[in-house]
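Dear colleague,

Please find below the structure that I am handing over to you, together with its sequence. My notes on what was found in it follow directly after.

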Amino acid sequence: MKISLSLLFVAFSFSAYSQSAEDSVKQVVKNLFAAMKESDSEKMLSTFADSAILQTIAVQQGKVVVKTDAVSAFASSLQRLPKGAADERITFKSINIDGDLASVWTPYQFYYNGKFSHCGVNSFQLVRISGQWKIQYIIDTRRKTNCKED
């Protein structure tokens with residue numbers, strides 16, 4: 001009986017930890033998109049690790065290319081936007097965590113000044129640094145068709 005109770009306690013503790021870790025990871029991603037919508041580059045930068053990488057998969061002249069942007073350039077462009085102009089609406093599809101590494105998959109629809117612009121999927125890699133989750137890597141897709149608009 002004691003073994004069963006101990007196993008139940010361990011399972012419950014692990015489940016609670018996993019949920020807490022998932023919630024922490026989600027919050028970082030939510031903070032990124034809230035900062036984008038608020039045009040708050042400082043808040044946006046606080047979600048990223050110092051060596052973070054931003055990439056986009058694009059098709060140019062019929063060929064798939066991967067474009068890389070500096071986080072600092074993204075932050076600079078963000079602060080020039082009026083508040084509310086950049087509205088990326090995400091859905092959390094999956095979150096996987098192993099120790100200090102988290103992977104997040106978020107389909108999205110992007111609206112600019114209230115008008116639908118494009119959609120795609122974001123793939124995030126986060127790292128827990130000094131006890132805080134930080135975005136280390138984002139790669140996304142962008143398209144104008146086959147989008148599920150709300």
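In which strand is Leu-126 found? Leu-126 belongs to strand E6; helices (H or I, at least four residues) and strands (E, at least two) are DSSP runs, numbered from the N terminus. With a relative accessibility of 0%, Leu-126 counts as buried, where buried means under 20% relative accessible area, exposed over 50%, and partly exposed in between (1.4 Å probe, protein chains only). Val-104 and Leu-126 are separated by 22 residues in sequence and by 8.0 Å in space, C-alpha to C-alpha.

Please note that this is a predicted model, in which local features need pLDDT of at least 70 and side-chain atom pairs count only at pLDDT 80 or more, while totals for chains, interfaces and linings use all residues. Residues are numbered from 1 along each chain as its sequence is written, and side-chain values use heavy atoms, with hydrogens and water left out.

Overall fold

The protein contains three helices and seven strands. Along the sequence, these follow the pattern α-α-β-β-α-β-β-β-β-β. Of the 150 residues in the protein, 33% are buried.

Strand pairing

Two strands pair if DSSP finds at least two bridges between them. E1 and strand E7 (residues 132-141) run parallel and are joined by six bridges; within this pairing, Ile-53 has Tyr-137 of E7 as its bridge partner. E6 and E7 run antiparallel, with eight bridges between them, and Ile-129 has Gln-132 of E7 as its bridge partner. The hairpin of E6 and E7 has two residues between the strands, and Ser-130 takes a positive phi near 50° there.

Aromatic pairs and charges over rings

The whole structure holds two aromatic pairs. Rings of Phe, Tyr and Trp (its six-membered ring) pair if their centres lie within 6.5 Å; planes under 30 degrees apart count as stacked, over 60 as edge-to-face and the rest as tilted. Phe-33 and Phe-124 are edge-to-face, because their planes stand at 85°, with the ring centres 6.2 Å apart. This pair links distant parts of the chain, as Phe-33 lies in helix H1 (residues 2-38) and Phe-124 in strand E6 (residues 115-129), 91 residues apart. Phe-33 is buried at 9% relative accessibility, and Phe-124 is buried at 0%.

Tyr-111 and Phe-116 also form an edge-to-face pair, 5.6 Å centre to centre and with 75° between the planes. Tyr-111 is buried, with a relative accessible area of 6%, whereas Phe-116 is partly exposed at 24%.

A charge sits over a ring if NZ of Lys or CZ of Arg is within 6 Å of the ring centre and within 35 degrees of the ring normal. The ring of Tyr-111 has the charged end of Arg-89 over it, 3.9 Å from its centre. Lys-26 lies over the face of Phe-92, at 5.3 Å from the ring centre.

Salt bridges

Five salt bridges are found in the whole structure, each being a side-chain nitrogen of Lys or Arg within 4 Å of a carboxyl oxygen of Asp or Glu. One of them joins the side chains of Asp-87 and Lys-37 (3.8 Å, N to O). This pair, too, links distant parts of the chain: Asp-87 is in strand E3 (residues 86-90) and Lys-37 in helix H1, 50 residues apart. Asp-87 is buried at 12% relative accessible area, while Lys-37 is partly exposed at 39%. Arg-89 is linked with Lys-37 and Asp-87 in a network of salt bridges.

Glu-38 forms a salt bridge with Lys-43, with 3.5 Å between the closest N and O atoms. Glu-38 is partly exposed at 34% relative accessibility, as is Lys-43 at 27%. In the salt bridge of Arg-142 with Asp-140, the closest N and O atoms are 3.1 Å apart. Arg-142 is partly exposed at 48% relative accessibility, and Asp-140 is buried at 9% relative accessible area.

Nonpolar surface patch

Ile-57, Val-59, Val-64 and Val-66 make a nonpolar surface patch of about 360 Å². Patches are made of residues with over 30% relative accessible area and no salt bridge: like charges are joined within 9 Å, nonpolar side chains (Val, Leu, Ile, Met, Phe, Trp, Tyr) within 5 Å. Accessible areas come from the Shrake-Rupley method with a 1.4 Å probe; for residues, only the protein chains shown count as cover. Strand E1 (48-60) and strand E2 (63-69) each supply at least two residues of the patch. Val-64, in strand E2, is exposed, with a relative accessible area of 63%.

Yours sincerely
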